[in-house]
Every structure is written in C-alpha cells, then in structure tokens.
Amino acid sequence: MAEDDAVTEAAERLYGVPPEEFVPERDELVAAAKEAGDKDAAKAIGRLRRPTQAAWLANLLARERGEQLDGLLDLAGELDGAQRSLDGPALRALSSQRQKLVNAMAREARRLAAAEGHRVTESVERDLRGILDAALADPAVAEEVRSGRLTRTVSYSGFGPGLGSVDRSAGAGSRRPSAPRRPTGGRAGPERATSSSGTATRDDDAAAADPEAERAEREAAERERVERERRAREREEAERAVAEARRAADEATDRNEADRNALDQAEAARGEAERRVDELTAELDRARDARSDASAAVKEADRAERESARAARDAAVALERLEARLADLQD
C-alpha cells in the first residue's frame with residue numbers, strides 16, 4: 001500500500017472513533033506501519049491530532065449526516081448574497097433558518113453520540129454550534145467540517161459570511177522628507193547678490209549656495225536614517241510582541257482544551273455518580289420493601305405459631321381427659 005493511501009486509511013479510521021479512543025488507536029496504527037516497514041507513514045500517522053469533543057461531533061455529522069450537513073452549509077451562499085444586496089427581510093429569514101438548522105444538527109449529533117454510548121455535555125454541544133456557525137462564515141472551515149477530519153474547536157463572533165472580516169485597505173504612509181533643491185543655473189531673482197561692478201557672477205553664487213545645500217541634504221539623509229532605524233526597531237518589537245502573543249494564545253488554547261476535557265470528565269463522573277446513586281436508591285427502596293414484607297411475614301408466622309401452640313395445648317388436655325375416661329371404663 002502506498003504511503004499516502006496508508007495515512008489516508010488511518011485518518012479515516014481514527015477520526016471515526018471517539019476522542020478517548022483516538023490515542024490508543026493511533027498508537028496501534030503507528031506500530032502496524034512500523035512493522036510493515038513504512039517509517040514515513042508511521043511518522044505521518046503519529047502526527048495526526050486528536051480531535052476535541054466538539055470536533056468529533058462535527059466529524060460524526062459529516063460521516064453519518066453528510067447530506068443534511070451540506071444542506072446547512074449551502075446556506076452560506078444565500079446569506080452572502082442577501083448581505084451583499086442588503087436584502088433585510090431575506091437576511092432575517094435566512095438567519096432564522098440557519099439558527100434552527102444549526103440547533104437541529106447539534107441535537108442530531110448529540111443523539112448519534114448517545115447511540116454510540118457517548119454522553120455529550122451542554123458545553124460540548126455549545127462548542128459544536130460554534131463550529132457550525134464558523135463553517136457558515138468561513139469556506140475554509142466549511143471544507144474542514146465536510147472532510148470529517150476536523151481536530152479543533154473553532155467559533156465565529158460575526159453575523160454571517162462577509163461580516164467581521166479584517167479591513168485590508170492600506171493606511172496612509174509617512175511622507176519621506178524631501179531634500180532642498182539644489183540651486184540651478186537659471187535666471188537670478190532680485191535677491192541675487194551682485195559683484196561690485198554690478199554684474200551677476202553665477203559661479204560665485206553656486207559656490208556660496210553649495211555648502212547650505214549640502215548641509216540640508218546631509219540633515220535630510222540623517223533624518224531618513226534615524227527614521228529607518230526607528231521603524232526597524234518598532235518592527236522588531238512588534239514582531240516579538242506578535243510572537244509572544246501567538247505563544248500565549250497557543251498556551252491559552254491548550255489550557256482551555258485541557259480544562260474543557262477536565263470539565264467533560266468531571267461532568268461524566270458526576271453523571272456516573274448520579275446514575276449509581278439512582279441505582280443504589282432503587283436498591284435501597286427494594287430492600288426496605290423486602291424488610292417490610294419480611295416483618296409482616298414474621299408477624300403472621302408468630303400469630304400462627306401462637307395459635308397452633310394454643311391448639312396443641314388444648315388437644316393435649318382433651319387427649320388427657322379422654323385417656324383418663326378410657327381408663328375408668330376399662331376398670
């Protein structure tokens with residue numbers, strides 16, 4: 001089997017299992033690829049990321065309810081058209097339809113997960129609705145959702161396609177300082193100096209103007225150099241700030257995912273504990289009923305025993321009397 005085929009087949013298999021089974025399943029597939037001598041495929045499979053709970057639900061919809069999912073995502077084009085044409089009534093109607101379909105698809109995903117024995121919390125279902133809204137707003141997210149191999153939880157804070165996008169228009173740049181123009185050999189103005197004989201000497205004027213022009217050019221060049229250095233420093237600082245912010249965002253995302261997983265596990269544990277409490281409560285009720293029945297049986301047996309004892313005593317007395325009479329008659 002070719003490397004790409006092996007990785008594709010592994011991905012198809014992995015993104016069909018619940019998240020808690022993903023890592024053990026991936027480890028088995030990596031080991032199988034290594035045993036087959038396909039180290040590149042093993043590395044590629046090992047890099048496949050475990051999906052979040054909400055991403056797994058989206059993948060479940062793509063696998064089990066692909067047509068319905070396509071019907072929902074097709075609304076993106078209609079929403080975009082209504083926004084571009086500023087068709088308010090159509091936009092409101094489509095937005096309402098979108099919300100209903102998103103909610104319906106989220107409930108269906110929850111039902112499908114329950115059928116596989118997987119409990120879905122309210123927070124995970126909310127994240128799934130965020131993924132579906134993001135897919136309606138962003139074609140790239142829509143393709144990820146359609147692929148059935150989504151790994152991350154995404155959300156969209158706008159109101160639909162075309163809204164909330166980044167304005168890419170360039171701002172006004174700073175003007176570069178222009179150097180003073182160098183005096184040319186044109187006709188002199190009234191302010192031009194003259195020689196003692198009353199005639200203009202162009203060479204003397206140029207010689208007198210050159211130092212001033214050169215100084216102005218040097219000052220302009222120095223200002224440009226200082227400005228370039230300042231902008232370079234600001235650019236470096238901005239790049240460092242962006243890198244730090246990106247690292248912080250990645251760490252925050254990882255922490256959020258870990259916290260969500262912990263929340264899911266805690267909610268699952270609570271649900272299991274509540275189920276166990278219900279079972280034990282029902283068992284206790286049955287035990288109490290059995291105790292009541294046993295107590296009633298004891299009372300009934302005790303009454304019967306007393307009655308039978310009394311009957312036995314009465315019978316013994318009657319027997320004794322009859323035996324005494326018989327003895328008298330025999331004598």
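Q: Is threonine 52 buried or exposed?
A: Buried, because its relative accessibility is 8%. Buried means under 20% relative accessible area, exposed over 50%, partly exposed in between (1.4 Å probe, protein chains only).

Q: What kind of model and numbering is this?
A: This is a predicted model, where local features need pLDDT of at least 70, side-chain atom pairs count only at pLDDT 80 or more, and totals for chains, interfaces and linings use all residues. Residues are numbered from 1 along each chain as its sequence is written, and side-chain values use heavy atoms, with hydrogens and water left out.

Q: Where is threonine 52?
A: In the loop between α3 (39-46) and α4 (53-64). Helices are DSSP runs (H or I, at least four residues), numbered from the N terminus.

Q: At what angle do α4 and α8 pack?
A: About 60°, with the axes of α4 and α8 (residues 122-137) 8 Å apart. Axes are lines fitted to C-alpha atoms over the stretch in contact, and angles run from 0 to 180 degrees between N-to-C directions. That makes α4 oblique to α8. Angles under 35 degrees count as roughly parallel, over 145 as roughly antiparallel, 65 to 115 as roughly perpendicular and the rest as oblique.

Q: Which residues make that contact?
A: From α4, Gln53, Ala54, Ala55, Leu57, Ala58 and Leu61; from α8, Val124, Asp127, Leu128 and Ile131. Contact means heavy atoms within 4.5 Å.

How values were computed
Helices (H or I, at least four residues) and strands (E, at least two) are DSSP runs, numbered from the N terminus.
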